[in-house]
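Biologist: I am new to this structure and would like to learn how to read it. Please take one feature at a time.

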Amino acid sequence: MTTEVVVGPFDPWARLASHQAALPTTSHGACSVFVGTLRDFNEGDAVSAMTLEHYPGMTERALERIADEALQRWPVGEVLIVHRVGPILLGEAIVLTAAWSAHREAAFAACRHLIEELKQRAPFWKKETLADGACRWVERNTPAGSQPNKKGPT
């Protein structure tokens, strides 16, 4: 189990490859991955950047609890959470979650658990910079299973 809070940009695919290279090569038949990036819209407004803040120590412990829950609940051999803090530009990675197991069903379920639980329980605060230069704090995350009514600003 690896959880990490990083300051500054990271390459989720390089981080995933590095982590996977350190795992035993024959013990996992499936890996499920989620990568979240900063998009250019939220709540109907154009977004140009974001700053993510966290509570050091508390945030890391919350991520560890979420990762441990996945390991206890599903037959997965390894989980990975990497979450970024600090200033973030459009298209940059914010979060990487991954779960390795013998079969895809457990990997999918555990990976989904990682991202959904951290979105709800991990202490991160998002401050968006809108395209017009205004700033606002994001009050809530998009609930699981909900879809925005439109793709973004038109």
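Modeller: Start with burial: a residue is buried under 20% relative accessible area, exposed over 50%, and partly exposed in between, with a 1.4 Å probe and protein chains only. Glu117 is partly exposed, with a relative accessible area of 25%. This is a predicted model, in which local features need pLDDT of at least 70 and side-chain atom pairs count only at pLDDT 80 or more, while totals for chains, interfaces and linings use all residues. Residues are numbered from 1 along each chain as its sequence is written, and side-chain values use heavy atoms, leaving out hydrogens and water.

Biologist: Where does Glu117 lie, and what is it in contact with?

Modeller: Helices (H or I, at least four residues) and strands (E, at least two) are DSSP runs, numbered from the N terminus. Glu117 lies in helix H3. Contact means heavy atoms within 4.5 Å. Leaving aside neighbours within four places in sequence, Glu117 is in contact with Ile66 and Ala122. Glu117 and Ala70 are 10.0 Å apart in space, C-alpha to C-alpha, and 47 residues apart in sequence.

Biologist: How do I read a core, and which residues of the largest nonpolar core touch the most other members?

Modeller: In soluble globular proteins, nonpolar side chains tend to be buried together. A nonpolar core is a set of buried Ala, Val, Leu, Ile, Met, Phe, Trp, Tyr and Cys residues joined through side-chain atoms within 4.5 Å. The largest one here has 26 residues, of which Leu63, Val76, Val79, Ile81, Ile94, Leu114 and Leu118 touch the most other members. Two or more residues of this core come from each of strand E4 (45–54), helix H2 (58–73), strand E5 (76–89), strand E6 (93–101) and helix H3 (104–121). With six residues, H3 gives the most to this core. There is also a second, separate core of 10 residues, which includes Val6, Leu16, Leu96 and Trp100.

Biologist: Which residues is Leu118 in contact with?

Modeller: Apart from neighbours within four places in sequence, Leu118 is in contact with Leu63, Ile66, Ile81, His83, Val95, Thr97 and His113.

Biologist: Which residues of helix H1 are buried, and which are exposed?

Modeller: In H1 (residues 12–21), the buried residues are Pro12, Leu16 and His19. They cover an arc of only 70 degrees around the axis, so they are on the same side of H1. The arc is that of the directions from the helix axis to the C-beta atoms. Trp13 and Ala21 are exposed on the other side of H1. Strand E1 (2–7), E2, E5 and E6 are among what covers the buried residues of H1.

Biologist: What about Arg15, and what does it touch?

Modeller: Arg15 is also in helix H1, and it is partly exposed at 22% relative accessible area. Not counting residues up to four places away in sequence, Arg15 touches Thr2, Glu4, Leu80, Val82 and Leu96. Arg15 and Leu96 are 81 residues apart in sequence and 8.8 Å apart in space, C-alpha to C-alpha.

Biologist: What is the phi of Glu43?

Modeller: Most residues other than glycine have a negative phi, and most peptide bonds are trans. Glu43 is not a glycine, yet has a positive phi of about 50 degrees. Glu43 is found in the loop between strand E3 (41–42) and E4, and is partly exposed at 47% relative accessible area.
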